[in-house]
Amino acid sequence: MELQIRRRSTGLKGTHLRGLETTATYDPATQEFILNSPTVTSIKWWPGGLGKTSNHAIVLAQLYTQGQCKGLHAFIVPIRQLGTHEPLPGITVGDIGPKFGYDEMDNGYLKMDNFRIPRENMLMKYAQVEPDGTYVKPLSDKLTYGTMVFIRSLIVGDSARSLSRACTIAIRYSAVRHQSELKPGEPEPQILDYQTQQYKLFPLLATAYAFHFVGAYIKDTYHRISGDIHKGDLSELPELHALTAGLKAFTSWTANAGIEECRMACGGHGYSRCSGIPDIYVTFTPSCTYEGENTVMMLQTARFLVKSYTQVSSGQQVTGMVSYLNDLSRQRIQPQHVAARSVAVRINDPVSLVEAYKARAARLVEAAAKNLQAELNHRKSKEDAWNRTSVDLVRASEAHCHYVVVKLFTAKLPEISNAAVRAVLTELCLLYALYGISKNTGDFLQAGILTDAQITQVNQRVKELLAIIRPNAVALVDSFDFHDVHLGSVLGRYDGNVYENMFEWAKKSPLNKTEVHESFHKHLKPMQSKL
């Protein structure tokens with residue numbers, strides 16, 4: 001990522017990659033690349049480990065050879081002397097300073113001034129620069145972004161793990177903590193027995209499981225399509241890019257909010273670092289902005305969805321996760337928009353709920369595409385029309401990603417051989433899908449997918465599922481198998497001995513090293529002597 005917004009760019013560096021200003025100019029006389037950071041805004045900013053640790057960096061720069069710019073390419077750049085660790089001549093490098101959290105990471109800046117590297121330091125798996133400066137094009141320009149696609153796929157799995165850790169802490173603590181009376185004269189119940197606490201935590205637990213399955217799917221899909229790319233088949237690359245961008249945003253946004261919800265569900269003790277949740281939050285929350293800011297990621301997914309919609313409208317068929325748009329072909333027989341067809345939804349059947357989410361996604365994609373076309377018809381530029389439709393486009397992408405998650409969770413259920421486990425996970429899947437409907441009722445009602453009476457049934461069924469899941473809640477978080485050392489939480493300890501260990505943790509505070517703090521002798525005692 002480079003330092004800041006370019007005035008003429010459409011997004012942040014790290015998101016608007018084409019706007020990167022770092023240059024790598026090939027010199028055939030010496031067979032070297034000359035790297036430069038020509039502007040303040042071209043200074044590399046944020047890479048982890050760059051500040052004080054790394055000896056080398058992989059740098060993205062605009063490649064210039066034979067007087068032409070060939071776009072972004074990656075280069076291995078030495079930045080420090082191996083013996084002394086001093087920055088090399090032409091390299092300015094350092095730490096960017098304190099952050100919101102994650103202080104153990106030395107995120108850094110890097111500026112290069114006429115810094116030369118050998119030709120061989122360019123990563124040439126796909127594109128190449130020959131010794132005389134001749135440029136050999138890759139099969140596809142999008143192959144350059146393969147690393148970012150890979151990292152985005154990893155963030156989906158990290159969203160699942162981080163949310164799972166927060167859920168484990170909050171649900172375990174909710175089983176330990178007793179509060180108030182449900183009935184006069186009876187012992188204080190576990191706060192996990194309160195429906196409001198279940199409503200906070202159990203949908204997040206279901207989400208953690210859903211994201212776990214989605215993370216495994218996206219990882220397998222990435223490796224499968226990467227294998228196809230190596231064989232020269234790039235047909236699935238556009239959807240892989242769109243899917244990883246959208247799911248990266250969808251899962252990290254949801255997990256980020258969910259972690260904070262878990263903290264608040266722990267009451268005041270959740271704010272203490274002994275809970276472990278503050279550290280989970282400050283470590284995970286940057287994922288909403290690194291490797292692509294989430295709103296921009298959703299808009300990248302939207303470009304793919306609009307393109308797929310346009311293909312279907314012209315009579316072509318689309319495949320993969322957008323194949324539901326093929327239903328548009330029914331318009332030739334029955335002139336109505338794709339999402340207006342009736343959907344007989346059975347709220348206790350996950351497969352039927354997948355159809356409801358599919359219809360919602362189709363409706364929002366179609367609505368966004370039509371709104372975009374309406375803006376274009378007003379003779380606005382493509383860029384202006386896109387900006388004026390961007391809220392609709394993000395909503396369409398969110399609906400698409402939500403559909404994908406429900407679909408993948410549901411598809412996983414038949415693969416579970418143990419009937420008892422399958423029954424519990426089916427309840428979680430139903431809760432995830434129905435809770436999502438209850439939070440987006442307007443979409444399902446407006447598209448005619450569900451009726452008012454069905455929405456009432458959905459809300460009631462969500463509350464019923466909370467009570468059904470309650471007996472298995474602790475076992476469900478225990479199955480994540482986070483050891484206490486990894487969890488790093490007094491509240492979420494496996495043995496449940498929270499308060500004894502909280503007291504021991506507090507006694508180790510640096511302020512407790514002495515009975516009387518030095519500030520008393522330095523400030524308070526002199527003041528008292530004057531009274």
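User: Why is Met 297 called buried in this model?
Analyst: The model is a predicted one. Met 297 has a relative accessible area of 0%, and the term buried applies under 20%, so Met 297 counts as buried. The residue is found in helix H5, which covers residues 294–313.

User: Why does His 73 count as buried?
Analyst: The relative accessibility of His 73 is 5%. Buried means under 20%, so His 73 counts as buried. Its place is in strand E5, residues 68–78.

User: What makes the approach of His 73 to Tyr 135 a polar contact?
Analyst: The side chains of His 73 and Tyr 135 come to 2.7 Å, and a polar contact requires N or O atoms within 3.5 Å. The side chain of His 73 also reaches the backbone oxygen of Gly 71, at 3.0 Å. Leaving out residues up to four places away in sequence, His 73 touches Tyr 135 and others, including Val 59, Leu 63 and Met 122.

User: Why is the pair of Phe 33 and Phe 75 called edge-to-face?
Analyst: The ring centres of Phe 33 and Phe 75 lie 4.9 Å apart, and rings pair within 6.5 Å. Their planes stand at 65°, and planes over 60 degrees apart count as edge-to-face, so that name applies to Phe 33 and Phe 75.

User: What does the pair of Phe 33 and Phe 75 tie together?
Analyst: Phe 33 lies in strand E2 (residues 32–36) and Phe 75 in strand E5, so the pair ties together parts that are 42 residues apart in sequence. Phe 33 is buried at 0% relative accessibility, and Phe 75 is buried with a relative accessible area of 0%. Together with Tyr 26, Phe 33 and Phe 75 form one aromatic cluster.

User: What makes the aromatic pair of Tyr 209 and Phe 480 tilted?
Analyst: The planes of Tyr 209 and Phe 480 are 35° apart, with 5.0 Å from centre to centre. Under 30 degrees a pair counts as stacked and over 60 as edge-to-face, with the rest tilted; the angle of 35° gives a tilted pair. Tyr 209 lies in helix H2 (residues 195–230) and Phe 480 in the loop between helix H12 and helix H13, so the pair ties together parts that are 271 residues apart in sequence. Both Tyr 209 and Phe 480 are buried.

User: How do you know that the charged end of Arg 303 sits over the ring of Trp 386?
Analyst: The charged end of Arg 303 is 4.1 Å from the ring centre of Trp 386, and the distance limit is 6 Å.

User: What makes E3 and strand E7 a pair?
Analyst: E3 and E7 are joined over two bridges in the antiparallel sense, and a pair needs at least two bridges. Lys 44 has Leu 110 in E7 as its bridge partner.

User: Why does one side of strand E3 and of strand E6 lack a neighbour in the sheet?
Analyst: The open sheet has the order E3-E7-E6, with antiparallel pairing. Strands E3 and E6 stand at the edges, each with a single partner strand, so one side of each is left without a neighbour in the sheet.

Technical notes: Residues are numbered from 1 along each chain as its sequence is written. This is a predicted model: local features need pLDDT of at least 70, side-chain atom pairs count only at pLDDT 80 or more; totals for chains, interfaces and linings use all residues. Side-chain values use heavy atoms; hydrogens and water are left out. Helices (H or I, at least four residues) and strands (E, at least two) are DSSP runs, numbered from the N terminus. Buried means under 20% relative accessible area, exposed over 50%, partly exposed in between (1.4 Å probe, protein chains only). A polar contact is a pair of N or O atoms within 3.5 Å; within protein, one must be able to donate a hydrogen and the other to accept it, and residues adjacent in sequence count only if both atoms are side-chain atoms. Contact means heavy atoms within 4.5 Å. Rings of Phe, Tyr and Trp (its six-membered ring) pair if their centres lie within 6.5 Å; planes under 30 degrees apart count as stacked, over 60 as edge-to-face and the rest as tilted. A charge sits over a ring if NZ of Lys or CZ of Arg is within 6 Å of the ring centre and within 35 degrees of the ring normal.
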